[in-house]
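Thanks for coming, everyone. Please bring up the structure on your screens, and I'll walk you through it.

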Amino acid sequence: MGCSLSKKKKIAIPPPGYEDPDLLASVTPFTAAEVEVLYELFKKLSSSIIEDGLIHKEEFQLALLGNRNRNNLFADRIFDVFDVKRNGVIEFGEFVRSLGVFHPNAPVHEKIKFAFKLYDLRQTGFIEREELKEMVIALLHESDLVLSEDMIEVMVDKAFTETDRNNDGKIDVDEWKDLVSMNPSLIKNMTLPYLKDINATFPSFVLSSEDEELELQNLYF
């Protein structure tokens with residue numbers, strides 16, 4: 001009797017922040033089936049270091065950069081924007097909702113809004129000159145491009161000259177929209193074509209427990 005009881009399948013307890021796939025499908029470009037595949041990915045990422053059903057910053061950095069201790073401004077900003085509740089972890093609902101912005105079918109205005117949040121380092125509702133400069137340097141570093149300090153200053157000055165219409169030394173949301181319309185490359189990485197068919201693109205998330213950190217690196221870059 002004891003043996004048969006031990007073989008009974010345990011009922012999985014949803015992690016904190018879990019949301020129903022049908023609900024998430026109704027507010028994102030994903031189908032319910034795709035949300036279920038994303039849940040398998042989420043489970044792997046959220047248990048890579050701490051098994052609590054939540055993605056901690058170290059787990060996010062491990063997946064994105066292959067190193068839990070590597071400092072990276074861009075990775076930090078993505079984590080912070082995914083962490084909608086500002087509680088230091090990414091819950092499943094936050095993960096799917098934020099990832100939905102990168103879907104090819106996501107509205108452009110949502111991509112612009114998300115990108116604005118990435119550049120608004122101090123979360124003031126504006127992008128200041130130094131914030132833009134920091135992000136430019138971080139993105140250049142990630143792409144292995146090397147520009148002189150003078151060239152970076154010229155790039156930042158040009159952006160502000162073109163965008164800061166009221167000359168207050170900062171870029172608001174409307175000015176940011178104008179900047180993106182003139183420079184679409186600013187949100188180029190906000191669209192990931194392979195999110196359009198997750199079931200076909202990410203079968204390894206369900207079938208294999210190896211190299212999930214490499215797969216997520218490919219997801220973002």
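Let me start with a term. A residue is buried under 20% relative accessible area, exposed over 50%, and partly exposed in between. Take Glu134. Its relative accessibility is 31%, so Glu134 counts as partly exposed. Keep that scale in mind; I'll come back to it.

One caution before we go on. This is a predicted model.

Now the overview. The protein chain has 221 residues, and 40% of them are buried. Its secondary structure comes to 13 helices and four strands. Then look at contacts between residues at least 6 apart in sequence. Of these, 58% join residues at least 24 apart.

Next, the core. The largest nonpolar core holds 51 residues. Phe95 and Trp176 have the most contacts inside it. Which elements give two or more residues to this core? The list runs through helix 3 (32-45), helix 4 (57-65), helix 5 (73-82), helix 6 (92-100), helix 7 (108-119), helix 8 (129-142), helix 9 and helix 10. Helix 3 gives the largest share, at seven residues.

Zoom in on Phe95. Leave aside its neighbours within four places in sequence. Phe95 is then in contact with Leu38, Leu41, Phe42, Leu45, Ile55, Phe82 and Ile90.

Stay in this part of the chain and find Glu91. Glu91 sits in the loop between strand 2 (89-90) and helix 6. Buried or exposed? Glu91 has a relative accessible area of 9%, so this residue is buried. Not counting residues up to four places away in sequence, Glu91 touches Pro16, Gly17, Phe42, Leu54 and Lys85. Phe42 is also one of the contacts of Phe95.

Another glutamate, Glu19, is in the loop between helix 1 (2-6) and helix 2 (21-27). Beyond residues up to four places away in sequence, Glu19 touches Leu24, Phe92, Gly93 and Arg97. Now take Glu19 and Val96. In sequence they are 77 residues apart. In space, C-alpha to C-alpha, they are 9.4 Å apart.

On to helix packing. Helix 9 covers residues 149-163, and helix 10 covers residues 173-182. The two pack at an angle of about 115°, with their axes 9 Å apart. The crossing is right-handed. Who makes the contact? From helix 9, it is Ala159, Glu162 and Thr163. From helix 10, it is Glu175, Trp176, Leu179 and Met182. By class, that gives four nonpolar, one polar and two charged residues.

Let's pick out Glu162, in helix 9. Glu162 is partly exposed, with a relative accessible area of 34%. Apart from its neighbours within four places in sequence, Glu162 is in contact with Met182 and Asn183. What about Glu162 and Glu175? They are 13 residues apart in sequence, and their C-alpha atoms are 9.3 Å apart in space.

Last topic: charges. How many salt bridges does the structure hold? There are 14.

Start with Arg122, which has two partners for us to look at. Glu134 forms a salt bridge with Arg122, and the closest N and O atoms are 3.0 Å apart. This pair links distant parts of the chain, with Glu134 in helix 8 and Arg122 in the loop between helix 7 and strand 3 (127-128), twelve residues apart. Glu131 also forms a salt bridge with Arg122, here with the closest N and O atoms 3.3 Å apart. Back to our scale. Glu131 is at 0% relative accessibility, so Glu131 counts as buried. Arg122 is at 46%, so Arg122 counts as partly exposed.

Now Arg129 and Asp157. They form a salt bridge, with the closest N and O atoms 2.7 Å apart. Arg129 lies in helix 8 and Asp157 in helix 9, so the pair ties together parts that are 28 residues apart in sequence. Arg129, at 23% relative accessibility, counts as partly exposed. Asp157, at 37%, counts as partly exposed too.

This pair also belongs to a network of salt bridges. Its members are Arg129, Glu130, Lys133, Glu149, Glu153 and Asp157.

That's my tour. Over to you for questions.

Terms used. Residues numbered from 1 in each chain as written. Predicted model: local features only at pLDDT ≥ 70, side-chain atom pairs only at ≥ 80, totals over all residues. Heavy atoms only, no water. Axes fitted to C-alpha atoms, helices over the stretch in contact; angles between N-to-C directions. Left-handed = near helix turned anticlockwise from the far one by under 90°. Contact = heavy atoms within 4.5 Å. Nonpolar A, V, L, I, M, F, W, Y, C, P; charged D, E, K, R; others polar. Core = buried A, V, L, I, M, F, W, Y, C linked by side-chain atoms within 4.5 Å. Buried < 20%, exposed > 50% of the residue type's maximum accessible area, 1.4 Å probe, protein only. Salt bridge = Lys/Arg side-chain N within 4 Å of Asp/Glu carboxyl O.
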